[in-house]
Each structure stands twice: as C-alpha cells, then as structure tokens.
Amino acid sequence: MFRWGLDRSEALIAVSNAVRRSVLGDLDTPTHVIYNGVIPEDRARQISKSASQARRDADRSSCFTFAILGRIQPSKGQEQAVRAINRLYKKGMDVRLLIAGDGRKEHEESLNALVRQFGIPDVVSFLGFVDEPFSVYREADAVLMCSENEAMGRVTAEGMAAARPVIGRDSGGTSELIDHGVNGLLYNDSVGALSDCMQRLAT
C-alpha cells in the first residue's frame, strides 16, 4: 500500500539524499529533498550563545564530555560509543559519556553490563529519557551520532544548533550534514576510528 501510494503521488519529499536514493530511487515520481527543521533561527542563536557561555563559565579543569542521544537500540550505536570512551579512559584521558534516551529493557541492561565489565561506571552516565535535549547539549563538549543508517539525523542538527561539534558515522543522512573538519568529524564504522575522532576533539 505504501508503494502504491508513492507511485500515484504528484511529487514526494525526502528528508535526505540518502533516503531519496535508498527508498525512492526506483520511482518515476518527482522527488525533492527538504531537511527536517529543528528549531527557529532566532532560538538557535539564543541556544548557541547560552551554550557557548556555559562552557566558558565551566571549570577549565573539568573533563571533556561527550553525549549521545536517542532511543537505546543496537542500530543507534550506543555500544560503540561505550567501547570508544573506554579506550580513551584506558589511555588516561579525563573524559566522560552521557547517554540520554530509553529503550527496551534488554538493550539497556546490555549496555549497563558492558559498562560494568569495563569498570567505568563513573565515566558513563545513563540519563534515561530527557524531555529537554538542549540541557544535555549544554552539558556536553561534543555530540556523537553513531547510528548505522540515520535517515537525516535530528540529533546531529540539534547538536550543531547548540554550537557543539558532532562526530558522526559516515553513512546515511549523517554524511550530508557533517562537513568533515568544519562542523564536526566523520568516521568509518570502526570503534577505533570513532575513538580517534573523540581523542582529536578532546585534545
């Protein structure tokens, strides 16, 4: 029924070129790409200014904080983020990771077990569902987008609106939003590549 409806539409809108290629690529219907709006421009400037001030006012000796937001599930890459932060911690770096979001109980328990296995419960904080994501962005120095195939990546855009560099997996719509070395960093699928990008920002 979904395909039937698409075939009979006058035009279609995709949230990224990745979605247009992978989902709508075999259709003859005219297709346009419009990225999802996140927040109004004046609100973005206000958030960016307050976020930047918050970091200037913070203790300069405080650890470098990464944040990953979204539903906790294997495809979102929280496990990869935990493994990467563990690598930096084992190198003696003063870092921490905030995980915001909830999910199925077995996924949350699996992540908690991994944190305990690595012995880093003081490094990784589980915030649960967060009603106001910008409170997390303000507390972070950088945002992680480790999703395997994000259609567009609202978290990526929100992180940028909060004046935070975003480290994103080079796939899906994330590749279109991050200009490597300008507003963030792109990495391939490996934990090693992710931890290298995190170390680059933290140092």
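A salt bridge is a side-chain nitrogen of Lys or Arg within 4 Å of a carboxyl oxygen of Asp or Glu. This is a predicted model, in which local features need pLDDT of at least 70 and side-chain atom pairs count only at pLDDT 80 or more, while totals for chains, interfaces and linings use all residues. Residues are numbered from 1 along each chain as its sequence is written, and side-chain values use heavy atoms, with hydrogens and water left out.

Arg169 belongs to strand β7 (residues 166–169) and Asp189 to the loop between β8 (184–187) and α9 (191–202), so the pair ties together parts that are 20 residues apart in sequence. Helices (H or I, at least four residues) and strands (E, at least two) are DSSP runs, numbered from the N terminus. Arg169 has a relative accessibility of 8% and counts as buried, where buried means under 20% relative accessible area, exposed over 50%, and partly exposed in between (1.4 Å probe, protein chains only).

The structure holds nine salt bridges, and another of them joins the side chains of Arg71 and Asp102, at 3.7 Å from N to O. Because Arg71 lies in the loop between β3 (64–69) and α4 (78–90), and Asp102 in the loop between β4 (95–100) and α5 (105–118), this pair ties together parts that are 31 residues apart in sequence. Arg71 is partly exposed, with a relative accessible area of 44%, and Asp102 is also partly exposed, at 33%. The side chains of Arg104 and Glu106 meet in a salt bridge too, at 2.7 Å from N to O, and Glu106 is partly exposed at 39%.

How do the helices α4 and α5 pack, and at what angle? Their axes, which are lines fitted to C-alpha atoms, for helices over the stretch in contact, with angles that run from 0 to 180 degrees between N-to-C directions, are 10 Å apart and meet at an angle of about 15 degrees. That makes α4 roughly parallel to α5, since angles under 35 degrees count as roughly parallel, over 145 as roughly antiparallel, 65 to 115 as roughly perpendicular and the rest as oblique. On the side of α4, the contact (heavy atoms within 4.5 Å) is made by Gln78, Glu79, Val82, Arg83, Asn86 and Lys90, and on the side of α5 by Leu111, Leu114, Val115 and Phe118.

Helix α4 also packs with α9, where the axes come within 9 Å and cross at roughly 55 degrees, and the two helices are therefore oblique to each other. Among the residues that meet here are Ala81, Ala84 and Leu88 in α4 and Val191, Leu194 and Met198 in α9.

Helix α7 (residues 154–161) has six of its eight residues buried, so it is largely enclosed by the rest of the structure. The buried residues of α7 are Val155, Thr156, Ala157, Glu158, Gly159 and Ala161, and α7 is followed by Ala163, whose phi is positive, near 65 degrees.

Finally, Val19 lies in helix α2 (residues 17–22) and counts as buried, at 17% relative accessibility. Leaving aside residues up to four places away in sequence, Val19 touches Ala14, Leu24 and Ala151. The C-alpha atoms of Val19 and Met152 are separated by 8.1 Å, although the two residues are 133 residues apart along the chain.
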